[in-house]
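This report describes strand pairing and aromatic contacts in turn. The sequence and the structure are shown first.

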Amino acid sequence: MRLVGFLTAGGCLVGRVEGEARLVPLGGLDEFWADPTQAVLAKAGKAIDLASVTLVPPVPPGARVLCVGLNYPAHVAEGTFQRPSHPAVFGRWTRSLTVSGTPAPVPPGEQGLDWEGELVAVVGRTMRNVSAVDAHQAVFGYAAFNDLTARLAQHRTTQWTVGKNADQSGPMSEIVTADEVGDFSAGLRIRTCVNGEVMQDGNTADMIFTVGDILAYLSQTMTLYPGDLVVTGTPSGVGYARRPPRLLHPGDEVTVEVERVGCVRTPIVAAPARS
């Protein structure tokens, strides 16, 4: 099942995509994420034309967006970091999230944006100090994600927050329910392309910390709630580590595709005028 968010006069709703052109409303954000497993089974509203609505990420405003850095050995090696002994976690805000097709501006003063194709795990049940096995079973769904990064801002300090929260820098695909993705213990392929050229070609089987590991680790300190997003890290092939470095500039288009999950496309544009 593929799920999207969309805007109405009464606020944001979550809907199920049917085929390529139809959207079935499933309820408002609060209603849906109170119990997403049941929400997808409840009686749905009348189908509408997908092209007639404005799509938005189907994520509650209060959700945490918890991102893991340095989770692939080859990505650790291409940078200047050491292999972590625990998940290296930083935060995003939901305000940075966008959907496929939304332009991402290069912030003023940056030489460009960098790409990071990733798999997102969407929490489906409240989790507090759970095991890795239980955590994996509590995942509601998955999405493809591009952790677009303002590298100059990121590397100015040891804290990555600013460089990881540029405007419209968190494009994500539709959410695909976990039952549809199925078992991926053998891995899911992640590919990032810039203007059609492959820049990253990795596999989740190479992750240092699995989805279950990450969720269990987080749940030891903070309670995870339905609708929270956990962005699980990027494979090697990012732009800043290339020689010479290569970044995204206005006019470029970057896509991230995760096998059996989905694809997200982002055109890059110039920074808006001062306001």
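## Strand pairing

Strand 14 (residues 189-194) and strand 15 run antiparallel and are joined by 6 bridges. Within this pairing, T192 has Q200 in strand 15 as its bridge partner. Strands (E, at least two residues) and helices (H or I, at least four) are DSSP runs, numbered from the N terminus; two strands pair if DSSP finds at least two bridges between them.

Both strands belong to an open sheet of 5 strands with mixed pairing, in the order 9-18-17-14-15. Its edge strands, each pairing on one side only, are strand 9 (104-105) and strand 15 (197-203).

## Basis of the model

The model is predicted; local features need pLDDT of at least 70 and side-chain atom pairs count only at pLDDT 80 or more, whereas totals for chains, interfaces and linings use all residues. Residues are numbered from 1 along each chain as its sequence is written, and side-chain values use heavy atoms, with hydrogens and water left out.

## Aromatic pairs

The structure holds 6 aromatic pairs. Rings of Phe, Tyr and Trp (its six-membered ring) pair if their centres lie within 6.5 Å; planes under 30 degrees apart count as stacked, over 60 as edge-to-face and the rest as tilted. F81 and W160 form an edge-to-face pair, 5.9 Å centre to centre with 70 degrees between the planes. F81 lies in the loop between helix 3 (73-78) and strand 7 (88-92), and W160 in the loop between helix 5 (151-155) and strand 12 (170-172), so the pair ties together parts 79 residues apart in sequence.

F81 is partly exposed, at 31% relative accessible area, whereas W160 counts as buried at 18% relative accessibility. Buried means under 20% relative accessible area, exposed over 50%, and partly exposed in between (1.4 Å probe, protein chains only). Elsewhere, ring pairs link F32, W33 and F140 into a cluster.
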